[in-house]
Structure formats: structure tokens, C-alpha cells
Amino acid sequence: MKKNIFLALDFGSLDKALDVTNKTKEYLAGIKIGLELYSAIGLKGIKEFEKFKLPIFLDTKIFDIPNQVAKTVKVISTLKAIKYFTIHALGSLEMLHAAQKAAKNTSLEFLAVSVLTSFDKKDLEQIGIMNEVEDQVKLLINLACQAKLSGVIVSAQDIGLIR
């Protein structure tokens, strides 16, 4: 059976996340640990998932100055089970390159976040971006491509733009 499902562990409890993973592990290609669970368990808690021998997609959507992103990536990349890590393309090409450089000689792969799925034109305008959502998504995905990231995260409605 081909396994192509990453289970989103959107919980604030390590015990609940471990229990759900244990019950579903035979069907999974990997697990996704988002900001809520990561905030509750940190890297120490992520180590608890290594026993499942599943790739981990750490979805914390990092966005900071290049130096801080590089330092964070070095810490994250010490856990071999973390295969994928999200990074905001809005952070600049320099920030994306800093992440890539910090992960050199590791197996960590980056997935770029374009525009958050909850955002609309009004939300973009409130933060000073006058582009249409579609145009902003294209711009950020192009940055991720320039940085040679492994993939992108977009809303389902934007999949056509990316292809």
C-alpha cells in the first residue's frame, strides 16, 4: 500500500499526539507538527516521535532576520527525524538563502509559505502590500523557486497558479 498521508497533529498535548500517531502509524507517510504542538513540546518532545520512524514535517512558518533563521535552522537540523520545515517566503530571498546555507550537509528540506490561506486583499493592504492575493502568491513562489526550496505551501485555490 502506497502511503502518501502526512497526519496533522494539531493538538496541544504530547500524550494525545503520541496516541493518535501510534494508532495510525501504519497508514502514514509522515506526521506534521504545527505551532500549537511544537509550542507545547519543543524539540525535546519531538524526539518522542522518533520511535515511529516517520518523517516529521515541522510547520512553524519561521519568519525572522536571516541570521536568526540560520541559527534556528541549525538547531532544528540536529533532529534527523525532521525532514521538512516551513519558512515564510515573505522573509526575503536573503532569508531563504540563509536557511538553505544553514541546512547544508543535512537532510532538512524547506517548504515555502506564500500567503496565509486566511488572507484576502484587505489583509494584505493592512500590512502594506497592495498586490492582489494571486499576484502576491506568484511573487513569493517565484522567490522560493529562486532559492531552490524543496516545495511550497499554498491554499487549494492557488494550486493552478503554481502548476
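Is K23 buried or exposed? K23 is exposed, at 59% relative accessible area (exposed means over 50%, buried under 20%, partly exposed in between, with a 1.4 Å probe and protein chains only). Keep in mind that this is a predicted model: local features need pLDDT of at least 70, side-chain atom pairs count only at pLDDT 80 or more, and totals for chains, interfaces and linings use all residues. Numbering runs from 1 along each chain as its sequence is written, and side-chain values use heavy atoms, with hydrogens and water left out.

**Salt bridges**
- A search of the whole structure turns up seven salt bridges (a side-chain nitrogen of Lys or Arg within 4 Å of a carboxyl oxygen of Asp or Glu).
- K23 pairs with D19, with the closest N and O atoms 3.1 Å apart; D19 is partly exposed at 35%.
- K23 and D19 sit four residues apart in helix α1 (residues 14–24), so about one helical turn separates them.
- K121 and E125 also form a salt bridge, at 3.1 Å between the closest N and O atoms.
- Both K121 and E125 belong to helix α5 (residues 121–126), four residues apart.
- K121 is partly exposed at 24%, and E125 is partly exposed at 37%.

- K32 and D59 meet in a salt bridge at 3.5 Å, N to O.
- This pair links distant parts of the chain, 27 residues apart: K32 is in strand β2 (residues 30–34) and D59 in strand β3 (residues 56–62).
- K32 is buried at 15% relative accessible area, and D59 is buried at 10%.

Note on methods. Helix = DSSP H or I, 4+ residues; strand = E, 2+ residues; numbered from the N terminus.
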